[in-house]
Amino acid sequence: MDYQLDGAVMIITGGAGGIGATTARLAIEAGCRVVIADINSTAAEATVSDLTSAGGEAVYVECDLTDPLAIERLVAETVEVFGGIDVLFNNAGVADAMLTDKLAIDELPIEVWDRVFDINVKAMFLLCRAAYPHLKKSDRAAIVNVGSVGSISAFPHTLAYGASKGAVALLTKNLALELSDDAIRVNAICPATTETQMTKDYLEAQGDPELAARHMAASHLAGRLGQPQDIANVTMFLASPLSSFVTGAVWLADGGQLAWRGQKEVVSA
Ligand SMILES: NC(=O)c1ccc[n+]([C@@H]2O[C@H](COP(=O)([O-])OP(=O)(O)OC[C@H]3O[C@@H](n4cnc5c(N)ncnc54)[C@H](O)[C@@H]3O)[C@@H](O)[C@H]2O)c1
């Protein structure tokens, strides 16, 4: 597939593992130069080493997205190393379900709410703002924000996460409007349950992780959980000039989960 992104500079937040790392691999295959921004240095360095040993150009910039100054530094370092920014993949996110251990509304610590919003929403805005002067110089500028099925619908025990992902959907549409005169496209990709560390952590907190996984899979018309590659494929399309007429979209990659709100027969172990 020619994504028309040869030589493009892509920042991927939360690129150390999961959806971010898989997207980084596809981006490298497409000829992008990739900046992995994360706090997990061990995993990020391993990911960068994989990408570069395959012949790609990739660097790791340590960046805690709760720190506005670190976000400024991320943009400055990217421009210093690669000379500009074409694509911003705002992928990093944290969930609150396992953090809050299914707490009731009056047990949810305000610090958890703030942290979820700081990483999932505020950092997204700050990074878009910091990258804007560079994105507007690109002739293939695109921002892809990661939402969730929780951007569209409520799910149990995700009060802060769900609200933050709802904000991502409208942040995306407002950014698409604000940046349209600069020809910067802005879209959101909204996964359903995808097999990454985030999902593993969630499942491990359940009484029977195997059964919980099968129940989750059964809520998808596809009858299975998502794989990072499923999400990365759509992300690459939204990042690419191939989707030049797509902006302000909140694009589901949910295995059909929100096409209905039912449950298929749970596959036995
Ligand atoms: N996995 C799913 O089922 C699922 C479903 C819907 C949406 N999403 C969204 O997909 C995105 C990627 O998640 P994933 O499933 O690959 O999860 P993941 O936990 O594997 O990856 C998240 C990455 O974000 C990084 N990160 C966390 N806090 C950070 C911070 N303060 N600064 C910088 N980096 C930080 C982590 O180190 C990690 O590398 C998230 O926005 C998540 O909400 C995931």
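**Entry 1: Ala-43**

I began with the contacts of Ala-43. Leaving out residues up to four places away in sequence, I found that Ala-43 touches Ala-16 and Gly-17. I was working on a predicted model throughout. I placed Ala-43 in helix H2, which runs over residues 41-53. The cut-off for buried is 20 or more. I also looked up a distance to Val-144, which is 101 residues apart from Ala-43 along the chain. The two C-alpha atoms are separated by 22 Å.

Next I took Ile-36. I again set aside neighbours within four places in sequence. Ile-36 is then in contact with Ile-12, Gly-15, Ala-16, Ala-24, Ala-44, Thr-47, Val-48, Ala-58 and Tyr-60. Ala-16 is on this list, and Ala-16 is also touched by Ala-43.

I then looked up the largest nonpolar core, which has 77 residues. Ile-36 is among the members that touch the most others, along with Met-10, Ile-11, Val-34 and Leu-88. Which helix gives the most to this core? I found that helix H5, residues 110-135, does, with 11 residues.

**Entry 2: helix H8**

Helix H8 covers residues 209-218, and its buried residues are Ala-213, Met-216 and Ala-217. Seen down the axis of H8, these buried residues fall within an arc of 100°, so they line one face of the helix. I asked what covers the buried residues of H8. The cover includes H7.

**Entry 3: the whole protein**

Last, I looked up the overall figures. I counted nine helices and seven strands in the protein. The radius of gyration is 18 Å, close to the 18 Å that the globule rule gives for 269 residues, so the protein is as compact as a globular protein of that length. The C-alpha trace spans about 50 × 40 × 35 Å along its principal axes. Buried residues make up 48% of the 269 residues. I also checked contacts between residues at least 6 apart in sequence. Of these, 75% join residues at least 24 apart.

How values were computed. Residues numbered from 1 in each chain as written. Predicted model: local features only at pLDDT ≥ 70, side-chain atom pairs only at ≥ 80, totals over all residues. Core = buried A, V, L, I, M, F, W, Y, C linked by C-beta atoms within 7 Å. Buried ≥ 20, exposed ≤ 12 C-beta atoms within 10 Å, placed from the backbone. Helix = DSSP H or I, 4+ residues; strand = E, 2+ residues; numbered from the N terminus. Contact = placed C-beta atoms within 7 Å. Rg over C-alpha atoms; globule rule 2.2 N^0.38 Å. Arc of directions from axis to C-beta.
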